[in-house]
Amino acid sequence: MDIGLPETEQEIEITPLEEPVPTPTPVEEPREEPVPA
Amino acid sequence: MSEFSIEPILGWRLWHVRLHGNEYRLESFTWHHVSWPPRRRFEATCTIHRYTAPAGDHECGIYAFKTRALAEDLLRRYTGIRHCYGRENRELPPVRHGRPIALGSVSLWGRILVREKGFRAQYAYPYELHVIGGDDRIARELRDRYAVDVSRV
């Protein structure tokens, strides 16, 4: 990929508060069906 | 001296979409068989600088363009379709059958080296994908696997 000339490079440091990586969706525990007495 | 920020940069890039075993994965556009891990950051490595990539005096790191137009231009160069009857071709070119490509935005963070057209980054994860030359099943698989928005072009 041609991203330009190396001589123009500037360095930046990015430390996000939270990494932009999706976390797995928590699995909902199935609720027990109410059983008629 | 480097600048500091807490907001990831969004760049644009291309990926090959290839089968790894029986699942479709994003693969580096320029390094064959380098697969992007789902639900985990992709980390730059280098045979010389190892985990200190991207290094200032080298070409290592995760590449991305600053704009979608630059990524689309690379796609046109890759497919050999750049102009249509002398005019700028604004449509995305068709890709080879069975060789889907993903065009998309990518979050970049960690140490980043910025040039006039793009970036070399330490860490990356896809942000949004547009699949070219793939069917609904491939788009759905990528959406589930990487947990990002995926559309078909």
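Predicted model: local features only at pLDDT ≥ 70, side-chain atom pairs only at ≥ 80, totals over all residues.
Which residue just after helix 2 of chain B takes a positive phi? That residue is Ala147(B), with a phi of about 55°.

**Figure 1. The model and its confidence scores.** The model as a whole scores ipTM 0.78 and pTM 0.86. Chain B has a mean pLDDT of 90, and 92% of its residues reach 70 or more. Among the elements of chain B, the highest mean pLDDT, 98, belongs to strand 5, and the lowest, 50, belongs to strand 6, which spans residues 83-84.

**Figure 2. Chain A alongside chain B.** Chain A has 37 residues, of which 8% count as buried. Its secondary structure amounts to one strand and zero helices. Where the chains meet, 20 residues of chain A are in contact with 31 residues of chain B. The side of chain A that touches chain B is made up of 11 nonpolar, four polar and five charged residues.

**Figure 3. A strand of chain A pairs with a strand of chain B.** In this view, strand 1 of chain A (residues 10-14) lies against strand 8 of chain B (residues 101-114). The two are antiparallel and share five bridges. To find your way, look for Glu11(A), whose bridge partner in strand 8 is Leu113(B).

**Figure 4. The largest nonpolar core.** This core holds 42 residues, and those with the most contacts inside it are Ala64(B), Ala102(B) and Ala121(B). Elements of chain B that give two or more residues to the core include strand 2 (9-20), strand 3 (23-28), strand 5 (62-65) and helix 2 (136-146). Strand 8 of chain B gives the most, with nine residues.

**Figure 5. The surroundings of Ala121(B).** Which residues does Ala121(B) contact once its neighbours within four places in sequence are left aside? Among them are Ala44(B), Pro54(B), Gly61(B), Ile62(B) and Ala64(B). The list also includes Leu108(B), Trp109(B), Gly110(B) and Ile112(B).

**Figure 6. Strand 9 of chain B and its antiparallel partners.** Strand 9 is mostly covered, with 12 of its 15 residues buried. A hairpin of three residues joins strand 8 to strand 9 in chain B, and these two strands pair in the antiparallel sense over 12 bridges. Along that pairing, Ser105(B) stands opposite Glu128(B). Strand 5 of chain B also runs antiparallel to strand 9, with four bridges; there, Ala64(B) has Phe119(B) as its bridge partner. Strand 4 of chain B (residues 42-43) is joined to strand 9 by two bridges, again antiparallel. Here Phe42(B) stands opposite Ala124(B). As background for reading such views, side chains in a regular strand alternate between the two faces of the sheet.

**Figure 7. Strand 10 of chain B and Val150(B).** Strand 9 of chain B has a parallel pairing too: four bridges join strand 9 to strand 10. Val150(B) sits in strand 10 (residues 149-152), and is the bridge partner of Leu129(B). Is Val150(B) buried or exposed? Val150(B) is buried, because 22 other C-beta atoms lie within 10 Å, and 20 or more are enough to count as buried. Setting aside residues up to four places away in sequence, Val150(B) touches Leu129(B), Val131(B), Ala139(B), Leu142(B) and Arg143(B). The C-alpha atoms of Val150(B) and Glu128(B) are separated by 6.1 Å, although the two are 22 residues apart along the chain.

**Figure 8. The two sides of helix 2 of chain B.** Now back to the helix from the opening. Ala139(B), Leu142(B) and Tyr146(B) are buried in helix 2. Seen down the axis of helix 2, its buried residues fall within an arc of 65°, so they line one face of the helix. These buried residues pack against strand 2, strand 3, strand 9 and strand 10 of chain B. On the other side of helix 2, Asp136(B), Arg137(B) and Asp144(B) are exposed. Just after helix 2 comes Ala147(B), with its positive phi of about 55°.

Conventions. Residues numbered from 1 in each chain as written. Chains lettered and ligands numbered in written order. Contact = placed C-beta atoms within 7 Å. Nonpolar A, V, L, I, M, F, W, Y, C, P; charged D, E, K, R; others polar. Pairing = 2+ DSSP bridges. Core = buried A, V, L, I, M, F, W, Y, C linked by C-beta atoms within 7 Å. pLDDT = per-residue confidence, 0-100. Arc of directions from axis to C-beta.
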